[in-house]
Amino acid sequence: MLPHPDPISGAAYSSVELMPGDRQVALLDQRALPLVERYEMLHRVEQVAEAIERLMVRGAPAIGIAAAYGVVLGAVAERGGAESFDRAMGVANERLRRTRPTAVNLAWSLERMARACREIAPFAPEDRVARLASEARAIHREDVEACRSIGTIGAARVPDGATVLTHCNAGALATGGYGTALGVVRAARASGVNVRVVACETRPVLQGARLTAWELLRDGFDVTLVTDSMVGQLMRRGGVDLVIVGADRIARSGDVANKIGTYGIACLAQTHGVPFYVAAPWSTVDLACLDGDTIPIERRSESEVLSFAGVRTTPEGVRADNPAFDVTPARLVRALFTERGEICAPCESALVALAC
């Protein structure tokens, strides 16, 4: 894994880094995991945008960090005056913003970088790059700090000997380098709690099977993989003590968008009396989005469903539906863990109060 260059963050590794010199971004290609640990060096905004679209980097916080580093690469390429710089940064921002619509961390990060761009437009080109690089690294560092706080807060809900079920990948690979849902698991173990993890495969791209299992195994966790369709039976037999997932957007109502399949798990948890928790940084909360019905849901290529590992597994002529995310109503969420605190029975008033 990429070693984290900033000791302030305390992260052991991350999946995306702006390299020393501020001219290239190193990216762990998550499409190749777990079979190959492959790194790509990116030098242009377009390369970063394509990496996000193609799931080389994924996970809402990590997408936001990658986009911030993409803006830095855009500044490297722009050597003109203030007006030219403003135009170029506007183009870069818009290109990166279009990559994936559901993860609000992307827009949040790009807006923060846009403010920095406006402030430094009159500066010399080299100064612009240095200042934007500092801002992007601050976004990265702050995300890791937020994840560690989330972990500490959420760990209080994990009893000794618990089996935690998680869906998709909300670990170091999906964030700046510690994890949200998996950050809670890491913090629980660090506090002396004995914990094991059940990871759902997460069809159709298998983020749970490929990434969560790989990440936890590397860190010495007791992890068991199940197909998404096994969750109901597992809960019926008492095999899950709590569910912890991440999020790509949390609406003002407390409704949560996360990887497709999360809603079904939340319904099963409700049926079987299993606590369902969501762990996410405050940058994932979108108070401008009123409820789950107004969250934009990304629809991805049919090929992800019709094929597996590049090999077609379905009859020619059949069509596929492929929404990348679903929405879990706030009523099914026992609590949200953010770096600002725990929100029990998530609702608009609780989120607005925490925003102040």
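**Notebook: cores, cysteines and salt bridges**

I started at Met113, which touches Ala68, Val71, Val72, Leu132, Glu135, Ala136 and Ile139, leaving aside residues up to four places away in sequence. Contact here means heavy atoms within 4.5 Å. A note on what I am looking at: this is a predicted model, where local features need pLDDT of at least 70, side-chain atom pairs count only at pLDDT 80 or more, and totals for chains, interfaces and linings use all residues. Residues are numbered from 1 along each chain as its sequence is written, and side-chain values use heavy atoms, with hydrogens and water left out.

I use buried for under 20% relative accessible area, exposed for over 50% and partly exposed for in between, with a 1.4 Å probe and protein chains only. This core has 40 residues, and Val71, Val72, Phe85, Met113 and Leu132 touch the most other members. Among the elements that each supply at least two of its residues I found strand 3 (16-18), helix 2 (60-77), helix 4 (104-120) and helix 5 (125-155). Helix 2 gives the largest share, twelve residues. Helices (H or I, at least four residues) and strands (E, at least two) are DSSP runs numbered from the N terminus. Apart from this core I found another, of 28 residues, including Val144, Ala187, Val195 and Phe337.

**Entry: the cysteines**

How many disulfides does the count come to? I got zero, taking a disulfide as a pair of cysteine sulfur atoms within 2.5 Å. For Cys347, the nearest cysteine sulfur is that of Cys344, 10 Å away. Cys347 is partly exposed at 29% relative accessible area, while Cys117 is buried at 6%.

**Entry: the salt bridges**

I then searched the whole structure and found 27 salt bridges, each a side-chain nitrogen of Lys or Arg within 4 Å of a carboxyl oxygen of Asp or Glu. Asp29 pairs with Arg38, their closest N and O atoms being 2.7 Å apart. Asp29 is buried at 0% relative accessibility, and Arg38 is partly exposed at 34%. I also saw that Asp29, Arg31, Arg38 and Glu40 are linked in a network of salt bridges.

Arg112 meets Glu142 at 2.8 Å, N to O. Arg112 sits in helix 4 and Glu142 in helix 5, so this pair ties together parts 30 residues apart in sequence.

My last pair was Glu348 and Arg252, also a salt bridge, at 2.8 Å from N to O. Glu348 is in helix 11 (residues 348-355) and Arg252 in the loop between strand 10 (249-251) and strand 11 (256-259), so they tie together parts 96 residues apart in sequence.

Methods
A nonpolar core is a set of buried Ala, Val, Leu, Ile, Met, Phe, Trp, Tyr and Cys residues joined through side-chain atoms within 4.5 Å.
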